[in-house]
There are 4 protein chains.
Amino acid sequence: MQKIINDPVYGFIQIKDKEILDLISHPWVQRLRRIKQMGIAHYVYPGAVHTRFHHSLGATHLMRTAIDNLHLKGIAISPEEALGVQQAILLHDVGHGPFSHALEHTIVSGISHEDISRILMQRINADTGGSLETAIAIFEQSYSKRFLHQLVSSQLDMDRMDYLNRDSFYTGVSEGVIGYDRILQMLTVVDDHLSVEAKGIHSVEKFIIARRMMYWQVYLHKTVLGVEQLIVNILSRAKELALKGAELFASPAFRFFLYEQVHKADFENDEAIIRKFCTLDDSDISCSVKVWADHPDKVLSLLCNMILNRKLYKVMMSSDRLDGQFEEMEKTYAYPAGIGEEEKHYFLFRGSTTNKTYNQYDDLITIKMKDGSLKNITEVDNALINPYVTLPVKKYYIIRAVL
Amino acid sequence: MQKIINDPVYGFIQIKDKEILDLISHPWVQRLRRIKQMGIAHYVYPGAVHTRFHHSLGATHLMRTAIDNLHLKGIAISPEEALGVQQAILLHDVGHGPFSHALEHTIVSGISHEDISRILMQRINADTGGSLETAIAIFEQSYSKRFLHQLVSSQLDMDRMDYLNRDSFYTGVSEGVIGYDRILQMLTVVDDHLSVEAKGIHSVEKFIIARRMMYWQVYLHKTVLGVEQLIVNILSRAKELALKGAELFASPAFRFFLYEQVHKADFENDEAIIRKFCTLDDSDISCSVKVWADHPDKVLSLLCNMILNRKLYKVMMSSDRLDGQFEEMEKTYAYPAGIGEEEKHYFLFRGSTTNKTYNQYDDLITIKMKDGSLKNITEVDNALINPYVTLPVKKYYIIRAVL
Amino acid sequence: MQKIINDPVYGFIQIKDKEILDLISHPWVQRLRRIKQMGIAHYVYPGAVHTRFHHSLGATHLMRTAIDNLHLKGIAISPEEALGVQQAILLHDVGHGPFSHALEHTIVSGISHEDISRILMQRINADTGGSLETAIAIFEQSYSKRFLHQLVSSQLDMDRMDYLNRDSFYTGVSEGVIGYDRILQMLTVVDDHLSVEAKGIHSVEKFIIARRMMYWQVYLHKTVLGVEQLIVNILSRAKELALKGAELFASPAFRFFLYEQVHKADFENDEAIIRKFCTLDDSDISCSVKVWADHPDKVLSLLCNMILNRKLYKVMMSSDRLDGQFEEMEKTYAYPAGIGEEEKHYFLFRGSTTNKTYNQYDDLITIKMKDGSLKNITEVDNALINPYVTLPVKKYYIIRAVL
Amino acid sequence: MQKIINDPVYGFIQIKDKEILDLISHPWVQRLRRIKQMGIAHYVYPGAVHTRFHHSLGATHLMRTAIDNLHLKGIAISPEEALGVQQAILLHDVGHGPFSHALEHTIVSGISHEDISRILMQRINADTGGSLETAIAIFEQSYSKRFLHQLVSSQLDMDRMDYLNRDSFYTGVSEGVIGYDRILQMLTVVDDHLSVEAKGIHSVEKFIIARRMMYWQVYLHKTVLGVEQLIVNILSRAKELALKGAELFASPAFRFFLYEQVHKADFENDEAIIRKFCTLDDSDISCSVKVWADHPDKVLSLLCNMILNRKLYKVMMSSDRLDGQFEEMEKTYAYPAGIGEEEKHYFLFRGSTTNKTYNQYDDLITIKMKDGSLKNITEVDNALINPYVTLPVKKYYIIRAVL
């Protein structure tokens with residue numbers, strides 16, 4: 001029953017459980033093949049076109065390895081738990097839509113991808129006679145062994161570990177490379193808390209630093225931020241036009257979400273809506289953007305042409321508020337001809353973003369010292385990860401189109 | 001003016017020439033961002049989602065390195081030639097459509113992607129006051145220095161070198177890894193013929209072997225072959241239905257090619273057709289396939305559901321003709337209910353495919369021996385690459401849907 | 001009890017068994033830290049300074065992985081067998097002396113390193129109350145399950161797999177890189193014969209090709225051959241002088257083997273000789289060579305200065321007998337002043353060497369086809385590894401000092 | 001004239017200048033082939049057996065690349081300067097003896113390896129009619145362009161860059177991997193000061209972090225510290241015995257340094273001493289240690305047996321002074337029988353070590369901001385490298401033999 005899947009990141013991914021293979025075959029998991037993990041960031045890092053499907057497989061592979069290692073160290077994990085925690089990580093992202101962050105703020109608002117993941121898991125569970133009971137309990141943090149949830153979602157979970165590995169690999173940003181195999185070797189559980197043996201402390205330090213570096217070099221790279229805002233603005237404008245009754249080319253499912261106002265309760269109660277959502281992927285958006293490039297609405301067509309021809313927003317970023325600069329810029333900025341007052345914000349706007357590499361208040365990474373005691377990693381003698389490094393960082397930005 | 005682009009395959013790609021940067025910004029080159037290099041092969045190798053855009057940048061990078069190395073060895077290459085040969089390789093694939101091989105046999109027949117590349121190059125050349133004169137001459141093999149064309153298209157060209165590197169990297173099939181940096185170091189020119197110094201012979205051997213291995217493990221992998229045939233059949237059926245007047249969801253450009261019969265001459269004469277073709281990308285096909293999964297035509301909807309839910313064709317492959325097995329299978333195969341006689345071939349069919357790793361008759365790879373003489377690589381003393389290895393290999397297959 | 005050892009080739013080597021850890025601590029195994037795996041080849045490949053100790057650990061690591069994989073597939077392997085086969089591979093090279101091939105032809109003649117390995121294993125076994133009974137039986141091919149011996153010594157054993165990986169890695173010759181993890185995944189046993197599943201055939205092909213490439217690029221590289229002959233000639237001359245009673249600087253143990261004629265029977269019967277042999281390592285030879293550079297014997301001092309200052313032999317190599325060239329060269333070669341007739345062969349000489357990448361007659365690599373049958377890899381349909389490739393290759397050489 | 005040398009770290013090292021090739025052939029540079037870069041650390045990291053020779057080649061390769069990049073950016077560097085700075089880096093370590101740090105504290109005291117490098121450079125310069133004038137001026141910081149010296153010796157010099165790369169590679173400690181190619185791309189010179197463009201800041205941060213991690217994981221690893229102290233103690237004891245007139249096996253050159261007290265002035269004035277020093281390498285020490293294992297002096301033989309059989313010192317390390325623990329341990333420690341009072345310190349002793357990852361007071365790494373201004377890296381907005389990280393760290397240790 002075993003299946004071996006090629007993965008350039010880990011060499012091979014072995015799937016040994018029939019239950020996991022069946023779940024991978026589910027159309028809702030297969031759908032993740034058509035959704036890029038990093039959305040539109042490939043406009044800056046052209047190699048970063050990997051999919052949420054591959055990330056889900058990778059995280060499941062790391063989970064299997066982690067579970068095997070913990071088992072060898074004598075941590076009690078039953079076969080049901082081992083299966084459940086793998087199912088949970090395999091499905092943790094199943095509720096993502098295309099260009100997820102953009103979509104959540106525009107077309108499908110009021111419900112997060114985590115909510116949708118949970119709804120989808122419950123529906124699969126119902127359809128399969130309860131095959132995901134343990135997985136759902138672990139995912140929702142209601143399962144008795146807390147460390148299983150931490151493997152799925154915490155500062156040191158298999159999700160982060162895979163996405164750092166994978167995003168580094170595909171972007172080619174070597175600063176994000178982590179020694180994941182050593183961390184997995186050093187995982188342990190103390191008092192139902194996921195922890196790392198003292199010998200692994202440097203690998204954990206590097207993991208935290210690598211994550212921070214990926215934030216500044218990739219996830220919050222100013223051009224990446226700009227291109228994501230471009231998608232947000234395209235979808236916002238399209239929704240605005242749709243609600244006014246304008247005609248917009250779209251696939252049937254995408255059309256539904258463009259023209260209807262759907263709420264969280266609808267997702268939970270109306271199976272048809274879930275099924276429609278689960279046909280959406282990157283191609284619906286990409287295909288419409290190309291057609292909209294010729295739309296009579298000037299704002300929409302300008303924005304769509306920007307993305308098609310890679311005439312991206314210019315982004316100014318700073319740790320200081322940019323109030324003065326923004327006011328100055330508003331005075332001199334040459335808006336496209338024929339743009340109304342209430343449409344100006346599509347071409348020149350500002351905002352802020354915050355990054356917390358390592359949240360020092362909850363769910364801390366703990367180190368199991370040689371004497372068996374636990375220490376928060378920031379308290380370890382001579383730690384590289386000190387309170388200074390873990391402070392959240394806020395950045396302000398001004399974005400403008402250069403037409 | 002220099003730009004550095006991250007590339008996980010080579011670390012970095014440096015672009016130094018303004019002319020090359022301008023060409024990369026052209027919408028027709030940008031379009032390649034939305035076309036996967038390996039089409040639908042990611043159904044078997046989930047990492048293989050890299051784009052034709054990245055391949056074109058990579059090949060241009062190798063070309064720049066090759067030219068620099070040859071220049072250091074005293075081979076005369078003028079700045080115009082250095083630019084032209086880079087433009088030629090950057091644009092060599094610009095005429096590819098989405099799922100190119102499938103498209104060429106169905107929707108856009110009678111014209112090859114090479115033809116379209118040539119037409120697009122000529123049009124850009126006309127639009128820019130002749131900026132591509134040298135590039136086109138090199139591409140079309142009419143330029144006086146033959147070795148420049150060989151760098152673009154021959155047994156050892158920068159196209160192959162990049163796609164082997166890149167496809168190996170993204171599939172995770174290490175058998176395709178080549179020592180490209182050593183080959184580039186060892187390139188030389190003798191009597192206007194691209195050649196390799198004797199010290200590089202083992203790297204060239206490995207290159208040929210790697211290419212052969214990629215054919216058997218990836219390009220002609222039977223499941224990859226099956227999924228490509230599935231796309232071919234979906235597009236064939238859609239075209240068949242369109243010509244009968246059935247209604248099919250499609251973006252405007254895709255609709256045009258579905259409902260019209262376009263010939264090579266139309267491409268050459270009608271600029272509007274070229275412009276329509278240049279808006280096509282993977283998303284047009286993917287988006288339609290999802291909608292067609294609910295199409296009233298049973299053949300079309302069955303095939304589309306197969307690909308969406310990864311219920312792929314089963315493929316039997318052999319060096320022997322499979323006549324007996326096919327007749328046997330025809331007798332027992334359970335066709336879907338309601339399928340007409342002339343539709344049966346969508347569910348059970350056969351064919352053959354041929355691979356030539358190394359064509360021993362034309363454009364041979366030559367080695368510059370220590371005494372200065374040239375030898376075909378198959379004639380070098382104790383060569384690994386012998387006539388036996390270079391024989392073309394024909395394989396027969398039977399493909400069937402398992403519904 | 002588990003120990004994790006860093007290994008740049010595999011990331012980590014995990015040792016789980018106390019018995020293996022104890023064996024690694026044995027002074028005779030520790031001695032391998034001081035013997036370079038590739039002898040003097042680092043004069044050509046400066047990175048190739050890895051030790052026989054690391055190779056032995058690496059091969060043991062691969063063995064553990066292979067055993068675990070076979071076990072998962074249901075191949076019966078008892079804990080004693082699993083331990084024994086690891087002990088056998090860990091000790092398979094324990095009988096190597098410094099610059100082994102040179103030493104065996106000069107100072108310590110008449111006994112091979114395999115013989116010495118066997119003698120050392122028997123002595124450790126006697127000292128430890130029979131801890132190596134199973135290991136010795138497997139090593140000597142007297143154990144009932146033949147495939148266990150094949151894992152230690154055959155065309156596809158863990159020895160070759162590690163040394164190809166390791167020698168490639170440290171020389172930087174990428175042509176030797178193999179997909180060892182995939183081969184290990186695909187190993188199986190049929191009728192007590194080690195075999196490879198059909199899906200692994202391309203990885204095995206690559207393994208055979210890689211081995212062949214390492215032979216031509218590294219192991220039989222003409223400068224490597226020359227530097228090895230230089231060591232042979234230095235040791236021959238030193239032995240010649242010692243037997244004539246000349247005084248030569250040497251450590252006590254090295255002095256013993258220089259001045260005494262030791263035979264195979266002595267090794268087997270005289271424990272003191274074994275103990276002396278087991279204190280020899282690279283430093284004894286290197287240290288003497290430096291002192292001998294000032295020795296009054298002109299031949300010895302010239303040869304030692306050649307190696308110290310890297311004035312290496314010039315080597316001419318060919319598939320043809322070089323009789324004519326050699327006679328010609330003898331006439332014109334300028335021997336150093338004062339060199340006697342019977343000493344000329346230290347400065348100009350000839351010989352031949354044979355490489356068999358893959359021996360087609362015994363211990364063939366077998367492939368388990370999908371129908372369960374076994375086929376020799378050269379008989380598999382469309383095999384890359386054909387009789388032509390597996391023919392032994394003989395090369396003739398002429399070597400001369402350039403003083 | 002160009003030579004290509006395989007290097008697993010960089011793929012290839014190209015040497016283009018005849019002057020550099022000649023210098024590599026010098027016996028004093030060739031001698032570095034026989035001195036391991038990391039001394040005895042391979043007892044903990046068995047892969048770390050690379051040589052100072054390879055490191056010197058690697059650093060020269062990085063220097064060539066750095067110089068080429070700076071040249072492309074319009075920084076004025078004459079051919080003589082380009083050659084001189086490469087010669088300087090090639091020879092920067094030529095004065096290292098075997099197990100350098102141990103040797104400097106015992107056998108050859110009162111003179112540092114930098115001093116000896118300088119003396120050797122001057123002597124080669126004198127022998128070759130002044131071929132190293134520029135190199136020596138750069139090395140000694142008397143050359144007019146200060147940034148050339150910074151490339152040889154500063155916080156961001158080619159020495160550190162190569163040894164981090166190389167030590168990471170050979171130990172297998174991935175935490176030390178740096179993006180050296182990106183740093184080299186981003187190097188620039190502002191006001192005669194070596195600097196890094198703002199776009200390279202994250203790579204520099206990673207470089208500093210990687211260096212810190214290598215210190216804690218490798219260079220100051222407690223077992224590595226212990227094994228280095230073991231060598232120090234063996235050499236101290238041998239010197240002690242030699243000065244008392246005891247007989248000790250040693251090669252002639254090593255014997256000279258064991259039995260004579262040599263001072264810095266002797267090195268500078270007596271060419272014979274320099275020539276003797278330049279025949280020393282790892283094999284002299286290793287060979288003697290094996291013979292000394294049977295020496296009648298109990299301290300010496302015990303220590304030598306410890307290293308031969310890898311019965312290493314146990315090391316306790318802490319940020320706190322360990323006064324209490326040491327006094328406690330002195331009371332209970334079981335010294336070997338027959339050890340005199342004044343010999344006890346060979347078996348139980350203590351000390352401290354200090355690491356400064358990044359010295360914040362002199363020779364700071366400066367970043368060239370986008371507005372052209374220079375900033376110290378610790379002052380850059382939101383820097384990872386803050387004063388907290390750059391504080392020197394002192395560690396106390398207790399070391400004891402476990403016999």
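The following questions and answers concern a predicted model.

User: Which element of chain A gives the largest share of the side that touches chain B?

Analyst: The contact draws 36 residues from chain A and 36 residues from chain B. On the side of chain A, two or more residues each come from strand E1 (3-7), helix H2 (27-30), helix H3 (52-72), helix H9 (158-171) and helix H16 (282-292). The largest share, 6 residues, comes from H16(A).

User: How do the residues of the side of chain A that touches chain B divide into nonpolar, polar and charged?

Analyst: The side in question takes 36 residues from chain A. These residues divide into 16 nonpolar, 15 polar and 5 charged.

User: Is B:Val380 buried, partly exposed or exposed?

Analyst: B:Val380 is placed in the loop between strand E8 (374-376) and helix H19 (387-390) of chain B. A residue counts as buried with 20 or more other C-beta atoms within 10 Å and as exposed with 12 or fewer. Because B:Val380 has 18 such atoms within 10 Å, its class is partly exposed.

User: Leaving aside neighbours within four places in sequence, with which residues is B:Val380 in contact?

Analyst: B:Thr366 stands 14 residues from B:Val380 in sequence, and their C-alpha atoms are 9.5 Å apart. With neighbours within four places left aside, the contacts of B:Val380 are B:Ile201, B:Ile367 and B:Lys375.

User: Which residues of helix H17 of chain B are buried, and which helices are included in what covers them?

Analyst: Helix H17 of chain B spans residues 298-308, and its buried residues are B:Val299, B:Leu300, B:Leu302, B:Leu303, B:Cys304, B:Met306 and B:Ile307. Just after this helix, B:Arg310 takes a positive phi of about 50°. The cover over the buried residues of H17(B) includes helix H12 (222-243) and helix H16 (282-292) of chain B.

User: Which strands stand at the edges of the open sheet of chain D, and why is one side of each left without a neighbour?

Analyst: The sheet has 4 strands in the order E3-E4-E7-E8, with mixed pairing. Each edge strand has a single partner strand, so one side of it lacks a neighbour in the sheet; these strands are E3 (187-190) and E8 (374-376).

User: Which residue of E7(D) is the bridge partner of D:Val196?

Analyst: Strand E4 (residues 193-197) and strand E7 (residues 366-368) of chain D run parallel and are joined by 3 bridges. In E7(D), the bridge partner of D:Val196 is D:Ile367.

Conventions
Residues numbered from 1 in each chain as written. Chains lettered and ligands numbered in written order. Predicted model: local features only at pLDDT ≥ 70, side-chain atom pairs only at ≥ 80, totals over all residues. Contact = placed C-beta atoms within 7 Å. Nonpolar A, V, L, I, M, F, W, Y, C, P; charged D, E, K, R; others polar. Pairing = 2+ DSSP bridges.
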